[in-house]
Amino acid sequence: MNSDNDPNHSPLRDVAQSPEATARYLADVQRVLLDIGKNLETLALEIRVHCRDTHVEGDRFYDAWLRAQPVERAFKGVLKNVEAVTKGLEKGAYKRRAHDEVVANTARKRKEKELEKQRKNNPQQLQAAPNPPQQGAQSQDLGYGGPTSIYDLGNRESA
């Protein structure tokens, strides 16, 4: 399919079809987000210093700190969300690869299930036990493979 002539072609469609391409793309996005996160951390520290140092005439020593708290909480929430997004990108790449592995193994598992079902429905006939040796043709060394009943003792005595 020629993507130059297709008006509905999306460059991310090709990325979505390959787990390796998806992982590379998500890793690139994650690097950008981590860089943005570092910049936001620096910005949050600078805002904290500025807001806590902004005093108005008549303030008590903690009034500037109280005014700065909502701003600091907002930036803390943003940083937390950026971290959650980067973790989500890692998880998404892992799930994408796992999906392809499941799809690749599905046909094999279905065949195994079908064979097991056939074995269960059509058990093989049990083979008849081999004929016991004739009494006159018994071997002299019976040991553990000897008679299984007191009636099969032959010339041996029972306990």
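# Briefing: a chain of three helices

The chain exposes about 14000 Å², and carbon and sulfur atoms supply 54% of that area. The model is predicted. Its secondary structure comes to three helices and zero strands, and the order along the sequence is α-α-α. Of the 159 residues in the chain, 15% are buried. Among contacts between residues at least 6 apart in sequence, 55% join residues at least 24 apart.

**Helix 2 and its packing**

- Helix 2 has 35 residues, which at 1.5 Å a residue should span 51 Å; the C-alpha atoms at its ends lie 50 Å apart, in agreement with that value.
- Helix 2 covers residues 19–53 and helix 3 covers residues 63–121.
- Two packed helices are described by the angle between their axes and the distance between the axes.
- For helix 2 and helix 3, the axes come within 10 Å and cross at roughly 170°.
- Helix 2 is therefore roughly antiparallel to helix 3, since an angle over 145 degrees counts as such.
- The contact between helix 2 and helix 3 comprises 22 nonpolar, six polar and nine charged residues.

**Buried positions of helix 2**

- The buried residues in helix 2 are Pro19, Ala21, Thr22, Leu26, Gln30, Leu33, Gly37, Leu40 and Ala44.
- These buried residues pack against helix 1 (11–16) and against helix 3.
- An α-helix has 3.6 residues a turn, so residues three or four places apart point the same way.
- The buried set includes Leu26, Gln30, Leu33, Gly37, Leu40 and Ala44.

- Thr86 belongs to helix 3.
- Its relative accessible area is 6%, so Thr86 is buried, the cut-off being under 20%.
- Beyond its neighbours within four places in sequence, Thr86 is in contact with Gln30, Leu33 and Leu34.
- The C-alpha atoms of Glu83 and Leu33 are 8.4 Å apart in space, while the two residues are 50 residues apart in sequence.

- Arg96 sits in helix 3.
- Arg96 is a charged residue by class, and it is buried because its relative accessible area is 17%.
- Leaving out residues up to four places away in sequence, Arg96 touches Ala16, Gln17, Ser18, Pro19 and Thr22.
- Asp100 and Gln17 are 83 residues apart in sequence, with 9.7 Å between their C-alpha atoms.

**Helix 1: Arg13**

- Arg13 is placed in helix 1.
- With a relative accessible area of 37%, Arg13 is partly exposed.
- Arg13 touches Asp6 and Asn8, when residues up to four places away in sequence are not counted.
- Helix 1 is one of the elements against which the buried residues of helix 2 pack.

Definitions and conventions:
Residues are numbered from 1 along each chain as its sequence is written. This is a predicted model: local features need pLDDT of at least 70, side-chain atom pairs count only at pLDDT 80 or more; totals for chains, interfaces and linings use all residues. Side-chain values use heavy atoms; hydrogens and water are left out. Axes are lines fitted to C-alpha atoms, for helices over the stretch in contact, and angles run from 0 to 180 degrees between N-to-C directions. Helices (H or I, at least four residues) and strands (E, at least two) are DSSP runs, numbered from the N terminus. Angles under 35 degrees count as roughly parallel, over 145 as roughly antiparallel, 65 to 115 as roughly perpendicular and the rest as oblique. The expected span of a helix is 1.5 Å times one less than its number of residues. Buried means under 20% relative accessible area, exposed over 50%, partly exposed in between (1.4 Å probe, protein chains only). Contact means heavy atoms within 4.5 Å. Accessible areas come from the Shrake-Rupley method with a 1.4 Å probe; for residues, only the protein chains shown count as cover.
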